[in-house]
Amino acid sequence: MTSYKIQREQELIKEKEVEIVRLQDLLNLQYIEIKSLQEELQKLCEMLQQNDRDSVLRQAVSDRDEAIMKKGELELELAKCRLEKESMSRQLLSAVEQKVILSQELEAWQDDMQIVINQQLKSQREQERTIETAPSTPTRRDSRRRPRDGGNSIFSIFKRN
């Protein structure tokens with residue numbers, strides 16, 4: 001049963017590790033996207049210097065605003081992922097602690113049950129020994145049917161012949 005617990009805990013840990021890897025991959029993708037947007041912004045800045053300054057400027061400002069919005073969204077998503085990761089870590093820790101407590105309780109219960117079983121076996125053995133060593137005594141039924149004039153009792157001397 002302990003190996004089942006360990007196996008289940010290992011499965012939970014593996015699931016959490018997979019989730020962490022997924023979140024890290026998502027973070028890496030978002031980082032790459034931010035870099036791409038930064039490069040695009042750089043290109044637009046270069047275009048500003050070359051051609052029609054007004055239209056390029058408007059386009060650059062628009063692209064910059066979009067990039068800033070996208071960056072904000074990505075930062076928000078990153079913060080959510082971090083919070084989710086921390087929450088999952090706390091849940092995993094809580095589950096492990098609970099399993100440790102339950103394992104300890106189970107072990108204590110098993111010890112208690114072993115003590116109870118041993119006491120019952122000891123009591124049963126003592127009863128069996130008592131029955132084997134005790135002289136057989138007449139039961140109540142037998143004492144009621146005892147013959148009164150058998151001649152074996154003390155009162156038989158007073159018996160009339």
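Mentor: A residue is buried under 20% relative accessible area, exposed over 50%, and partly exposed in between. Please keep in mind that this is a predicted model.

Trainee: Why does E33 count as partly exposed?

Mentor: The relative accessibility of E33 is 33%.

Trainee: What makes the pair K70 and E33 a salt bridge?

Mentor: Their side chains meet with N and O 3.3 Å apart. The cut-off is a Lys or Arg nitrogen within 4 Å of a carboxyl oxygen of Asp or Glu, so the pair at 3.3 Å qualifies. The pair links distant parts of the chain, with K70 in helix α2 and E33 in helix α1, 37 residues apart. K70 is partly exposed as well, with 27% relative accessibility.

Trainee: How do you know that K71 forms a salt bridge with E75?

Mentor: The closest N and O atoms of K71 and E75 are 3.9 Å apart. K71 has a relative accessible area of 42% and E75 one of 45%, so K71 is partly exposed and E75 is partly exposed.

Trainee: What separates E11 and R8 along helix α1?

Mentor: About one helical turn separates E11 and R8, because they are three residues apart in helix α1. Their side chains also form a salt bridge, at 3.4 Å from N to O. In the whole structure, the search finds five salt bridges.

Trainee: Why is E19 called buried?

Mentor: E19 has a relative accessible area of 16%. The limit for buried is under 20%, so E19 is buried. E19 is found in helix α1, residues 2-50. Leaving aside residues up to four places away in sequence, E19 touches E84 and M88. Across the protein chain, buried residues make up 8% of the 161 residues.

Trainee: Which residues make the nonpolar surface patch?

Mentor: W109, M113, I117 and L121 make the patch, whose area is about 370 Å². W109 is found in helix α2, residues 53-133.

Trainee: Which helix gives the most to the lining of the largest pocket?

Mentor: Helix α2 gives the most, with five residues. Both α1 and α2 supply at least two residues each, and the lining includes I20, L23, L78 and C81. The space in this pocket is about 170 Å³.

How values were computed
Residues are numbered from 1 along each chain as its sequence is written. This is a predicted model: local features need pLDDT of at least 70, side-chain atom pairs count only at pLDDT 80 or more; totals for chains, interfaces and linings use all residues. Side-chain values use heavy atoms; hydrogens and water are left out. Helices (H or I, at least four residues) and strands (E, at least two) are DSSP runs, numbered from the N terminus. Buried means under 20% relative accessible area, exposed over 50%, partly exposed in between (1.4 Å probe, protein chains only). Contact means heavy atoms within 4.5 Å. Patches are made of residues with over 30% relative accessible area and no salt bridge: like charges are joined within 9 Å, nonpolar side chains (Val, Leu, Ile, Met, Phe, Trp, Tyr) within 5 Å. Accessible areas come from the Shrake-Rupley method with a 1.4 Å probe; for residues, only the protein chains shown count as cover. On a 1 Å grid over the protein atoms alone, a cavity is a set of points where a 1.4 Å probe fits but cannot get out, and a pocket is an open set with protein on both sides within 12 Å along at least five of seven lines; lining residues have an atom within 4 Å of a point. Grid points are joined across faces, edges and corners, and a volume is the space filled by probe spheres set on the points.
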